[in-house]
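Good morning, everyone, and thank you for making time for this short talk. Please have a look at the sequence and the structure on the screen while I go through them.

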Amino acid sequence: QVQLVESGGGLVQAGGSLRLSCAASGRTLSSLVMGWFRQAPGKEREFVVTAAWSSGTTNYADSVKGRFTISRDNPKNTVYLQMNSLKPEDTAVYYCTARPLSSGLWDYWGQGTQVTVSS
């Protein structure tokens with residue numbers, strides 16, 4: 001079982017930055033594919049970025065490419081999402097998610113953290 005706890009959301013002006021954190025417990029990051037998804041009001045949850053550090057693979061949604069960066073701190077078993085040049089359309093609840101390397105399903109989800117970008 002994997003537990004994920006997000007933090008770091010908040011209110012920021014357009015053009016600003018935020019860093020989200022996702023503390024994982026139960027398994028090490030190297031045994032998981034990690035990801036961030038987001039859900040804006042009235043919209044479906046959408047993919048933001050995924051990372052499989054065991055293979056060195058990261059994938060970003062086109063809408064965030066060049067502005068968002070996923071990273072990790074192995075001793076802390078924590079994943080970060082650095083968000084720069086934020087836009088009002090980035091406003092959403094951001095969810096950290098994880099799945100074992102052998103699974104095709106996102107089995108584990110955090111509780112979500114709100115990010116609001118004002119214009």
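Let me begin with a question: from which residue does a backbone oxygen lie 2.8 Å from a polar atom of the side chain of Thr 97? The residue is Tyr 108, and it is the backbone oxygen of Tyr 108 that lies 2.8 Å from that side-chain atom of Thr 97. Before I go further, please keep in mind that what you see is a predicted model.

Let us stay with Thr 97 for a moment. Thr 97 sits in strand E9, which covers residues 92–100, and its relative accessible area is 0%. Since buried means under 20% relative accessible area, Thr 97 is counted as buried because its value is 0%. If we leave aside the neighbours within four places in sequence, Thr 97 is in contact with a list of residues that includes Leu 4, Val 33, Gly 35, Phe 37, Trp 106, Tyr 108 and Trp 109.

Now let me step back to the whole chain. How many helices and how many strands does the protein chain have? The count comes to zero helices and eleven strands, and so the order of elements from the N terminus on is simply β-β-β-β-β-β-β-β-β-β-β. The radius of gyration of the chain is 13 Å, close to the 14 Å that the globule rule gives for 119 residues, so the chain is as compact as a globular protein of that length. Along the principal axes, the C-alpha atoms fill a box of roughly 40 × 25 × 25 Å. Of the 119 residues, 46% are buried, and among the contacts with a separation of 6 or more, 56% are between residues 24 or more positions apart. The chain exposes about 6000 Å², and carbon and sulfur atoms supply 48% of that area. As for charge, there are 11 positive and 8 negative charges, and their mean positions are 5 Å apart.

For Val 33, the contacts beyond four places in sequence include Ala 51, Ala 52, Thr 97 and Trp 106. For Gly 35, they are Val 49, Thr 50, Tyr 95, Cys 96, Thr 97 and Trp 106. For Phe 37, they include Arg 45, Phe 47, Tyr 95, Thr 97, Trp 106 and Trp 109.

Phe 37 and Ala 92 are 55 residues apart along the chain, and their C-alpha atoms are separated by 9.5 Å. Val 33 and Asn 84 are 51 residues apart along the chain, and for them the C-alpha separation is 23 Å.

Let me now move to the loops. Asp 107 is found in the loop between E9 and strand E10, and it counts as partly exposed at 39% relative accessibility. A polar contact of 3.3 Å joins the side chains of Asp 107 and Ser 103, and, leaving aside neighbours within four places in sequence, Asp 107 is in contact with Ala 98, Arg 99 and Pro 100.

Most residues other than glycine have a negative phi. Asn 77, however, has a positive phi of about 50° although it is not a glycine, and Ser 85 likewise has a positive phi of about 50° without being a glycine. Where are they placed? Asn 77 is in the loop between strand E7 and strand E8, while Ser 85 is in the loop between E8 and E9. Asn 77 counts as buried at 13% relative accessibility, whereas Ser 85 is partly exposed, with a relative accessible area of 40%.

Definitions and conventions:
Residues are numbered from 1 along each chain as its sequence is written. This is a predicted model: local features need pLDDT of at least 70, side-chain atom pairs count only at pLDDT 80 or more; totals for chains, interfaces and linings use all residues. Side-chain values use heavy atoms; hydrogens and water are left out. Helices (H or I, at least four residues) and strands (E, at least two) are DSSP runs, numbered from the N terminus. Buried means under 20% relative accessible area, exposed over 50%, partly exposed in between (1.4 Å probe, protein chains only). A polar contact is a pair of N or O atoms within 3.5 Å; within protein, one must be able to donate a hydrogen and the other to accept it, and residues adjacent in sequence count only if both atoms are side-chain atoms. Contact means heavy atoms within 4.5 Å. The radius of gyration is taken over C-alpha atoms; the globule rule is 2.2 Å times the number of residues to the power 0.38. Accessible areas come from the Shrake-Rupley method with a 1.4 Å probe; for residues, only the protein chains shown count as cover. Lys and Arg count as positive and Asp and Glu as negative; His and the chain ends are not counted. The place of a charge is taken as NZ of Lys, CZ of Arg, CG of Asp or CD of Glu.
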